[in-house]
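Here's a quick briefing to read alongside the model. Have the viewer open and follow the topics in turn.

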Amino acid sequence: MIIVRGLVASLLIGAAFVRPVQAAETLKIASFSTVLTEIAQRVGGAHVTVAGLVRPGQDPHEYQPTPADLEQAADAKLILLSGKHLEHYLDKIQQATGGKAESLAVGDALPTLKMQADPDEPQAKEAADPNGMIDDPHWWNSVANVERATVIVRDTLIKLDQADRTDYEENAKTYLAKLDALNNWAKRKVAELPRDKRKLVTSHDAFQYLARDYGFKIYAIEGVSTETEPSDRHVAELIDDIKKQQVKAIFLENTLNPKVTREITSESGARIGGSLYADGLGDGDGSTYEGLVRHNISTIVDALQ
Ligand SMILES: [Zn+2]
């Protein structure tokens, strides 16, 4: 990647020494998003070393960087952030890196949907506009957004390492083609479901971007926070909605109080439709982005049919 020209002539005889140095030279990336970790690995290929600091299955709303994570961030040339105010620990990263690394909040460059801020969450309240709305951070649940994110990451890698431009372009092209095929599959799968059945009741309001892409209406059990319990009134209203809309299945996260879950299912007649990957990559099906999307879309469509 880096050739010190002055040395080339003097090393002509010992040219064998040049190669190992080049091979070890990779661009260090620290990623605070599981989806961006995958994108960086696919687009960067052999030219990058990606430290995925938010790990698969970890709740990005609850995540706090450990001292070891901050050390890795300080060591990186590029820091990938989800953006849209998801990282509430930016000051810690800033402190650790001293602003030396290029910091890229990918989500901030993507179109924003708004959502109601959770009134019990001090951080959400702070970021909210006068109408109590905040940016919905869950942009990765739209495949189209992940395609845009791939282009953003590609262009940043090229900016930081122009020598490997063709490889980055080639890798991105391959990954984008996969995402495009995935999006087409998702559209066909959702088309199996009549429009009036595209009603999504979930315990974690994370699927607005998916709903927009594929024509679902969302009935949320609670706001963006995974910490607080929904109010009795909200639960009663939701049970009413589920009955009126004749929704066959609801989708929950295991963080929701099981008592609330039982109350909703027994009183509305809807069954549990299965669990979804709301907050990025996880175990099993969700260990790749493609697997995550296929799991979420299939689970939703099959349960509502
Ligand atoms: Zn979330």
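This is a predicted model: local features need pLDDT of at least 70, side-chain atom pairs count only at pLDDT 80 or more; totals for chains, interfaces and linings use all residues.

Residues are numbered from 1 along each chain as its sequence is written.

**Around β7 and β8**

- β7 (residues 199–202) and β8 (residues 217–220) pair in the parallel sense over 4 bridges; two strands count as paired if DSSP finds at least two bridges between them.
- K199 and V201 point one way from β7, L200 and T202 point the other way, and all are buried. Here buried means 20 or more other C-beta atoms within 10 Å of the residue's own, exposed means 12 or fewer, and partly exposed is in between, with C-beta atoms placed from the backbone.
- Together with helix α9 (residues 208–214), β7 and β8 make a right-handed β-α-β unit. Right-handed means that, with the strands pointing away from the viewer, the path from the first strand over the helix to the second runs clockwise.
- G215 sits in the loop between α9 and β8, and it counts as exposed because 12 other C-beta atoms lie within 10 Å.
- Leaving aside neighbours within four places in sequence, G215 is in contact with R195 and R198; a contact means C-beta atoms, placed from the backbone, within 7 Å.
- G215 and V190 are 25 residues apart in sequence and 8.8 Å apart in space, C-alpha to C-alpha.

**The chain as a whole**

- The protein chain has 12 helices and 10 strands. These are DSSP runs numbered from the N terminus: helices are H or I with at least four residues, strands are E with at least two.
- Of the chain's 305 residues, 37% count as buried.
- Among contacts between residues at least 6 apart in sequence, 60% join residues at least 24 apart.

**The four-strand sheet**

- An open sheet of 4 strands runs in the order β2-β1-β3-β4, with parallel pairing.
- Its edge strands are β2 (48–52) and β4 (102–105), each pairing on one side only.
- From one strand to the next, the twist averages 20°, using axes that are lines fitted to C-alpha atoms and angles that run from 0 to 180 degrees between N-to-C directions.
- β1 (residues 27–31) is joined to β2 by 5 bridges, and the two run parallel. I29 has V50 in β2 as its bridge partner.

**Nonpolar cores**

- The largest nonpolar core has 64 residues, and those with the most contacts inside it are A40, I79, L80 and I250. Such a core is a set of buried Ala, Val, Leu, Ile, Met, Phe, Trp, Tyr and Cys residues joined through C-beta atoms within 7 Å.
- Helix α12 (residues 289–304) gives the largest share of this core, 6 residues.
- Domain 1 (5–184) and domain 2 (193–304) both give residues to this core, so it lies between them; the bounds come from an automatic or database domain assignment.
- Apart from this core lies another of 5 residues, among them M115, A117, A124 and I134.
- Not counting residues up to four places away in sequence, A40 touches I29, S31, V48, V50, L80 and V153.

**Positive phi angles**

- Most residues other than glycine have a negative phi.
- K84, in the loop between β3 (78–81) and α5 (90–97), has a positive phi near 50°. K84 counts as buried because it has 20 C-beta neighbours inside 10 Å.
- H85 is found in the loop between β3 and α5 and has a positive phi of about 65°. With 19 C-beta neighbours inside 10 Å, H85 counts as partly exposed.

Terms used:
Two residues are in contact if their C-beta atoms, placed from the backbone, lie within 7 Å.
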